Amino acid sequence: NFVIEIDIVDNVKTLLDPATPLALRLSGQLLLGLVNIYSRKTRYLQEDCSSAMANIKVVFRPAAVIDLPEDAKGAASAITLMEN
């Protein structure tokens, strides 16, 4: 994924102060390309953060209460096996 490796700041600095003059249309198209790359990077970051947040919510969600109420009574035959 080459998008992640691109340094937006350095490329913008290069476009603002090029070694050789660039045509206005060319510099505009190059800046538009950098904007698209920046947009894609922010989308990747948002997806990663959403995934991390979902995983954190799963890990730290409160456990379901499975205890019986204190006053609950059951028949002994419901939990024991009959002897032969």
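This is a short chat about a predicted model of one protein chain.

Student: What kind of model is this, and how are residues numbered?
Tutor: It is a predicted model, where local features need pLDDT of at least 70, side-chain atom pairs count only at pLDDT 80 or more, and totals for chains, interfaces and linings use all residues. Residues are numbered from 1 along each chain as its sequence is written, and side-chain values use heavy atoms, leaving out hydrogens and water.

Student: What does the chain average for pLDDT?
Tutor: The average is 88, and 99% of the residues score at least 70. pLDDT is the predictor's confidence in each residue, from 0 to 100.

Student: Where is confidence lowest, and where is it highest?
Tutor: Lowest is α1, at a mean of 87. Highest is α3, at 94. Helices here are DSSP runs (H or I, at least four residues), numbered from the N terminus.

Student: OK, α3. How many residues does α3 have, and how far does α3 reach?
Tutor: It has 37 residues and spans 53 Å from its first C-alpha to its last. That is close to the 54 Å expected at 1.5 Å a residue. The expected span is 1.5 Å times one less than the number of residues.

Student: Which residues of α3 are buried?
Tutor: Ser27, Leu34 and Ile37 are buried. Buried means under 20% relative accessible area, exposed over 50%, and partly exposed in between (1.4 Å probe, protein chains only).

Student: What covers the buried residues of α3?
Tutor: The cover includes α1 (2-5) and α2 (8-16).

Student: New topic. Which residues make the nonpolar surface patch?
Tutor: Met53, Ile56, Val59 and Phe60 make it, over about 460 Å². Nonpolar side chains (Val, Leu, Ile, Met, Phe, Trp, Tyr) are joined within 5 Å, like charges within 9 Å. Areas come from the Shrake-Rupley method with a 1.4 Å probe; for residues, only the protein chains shown count as cover.

Student: Why does Phe60 count as exposed?
Tutor: Because its relative accessible area is 67%. Phe60 is in α3, residues 24-60.

Methods: Patches are made of residues with over 30% relative accessible area and no salt bridge: like charges are joined within 9 Å, nonpolar side chains (Val, Leu, Ile, Met, Phe, Trp, Tyr) within 5 Å. A salt bridge is a side-chain nitrogen of Lys or Arg within 4 Å of a carboxyl oxygen of Asp or Glu. Helices (H or I, at least four residues) and strands (E, at least two) are DSSP runs, numbered from the N terminus. Contact means heavy atoms within 4.5 Å.
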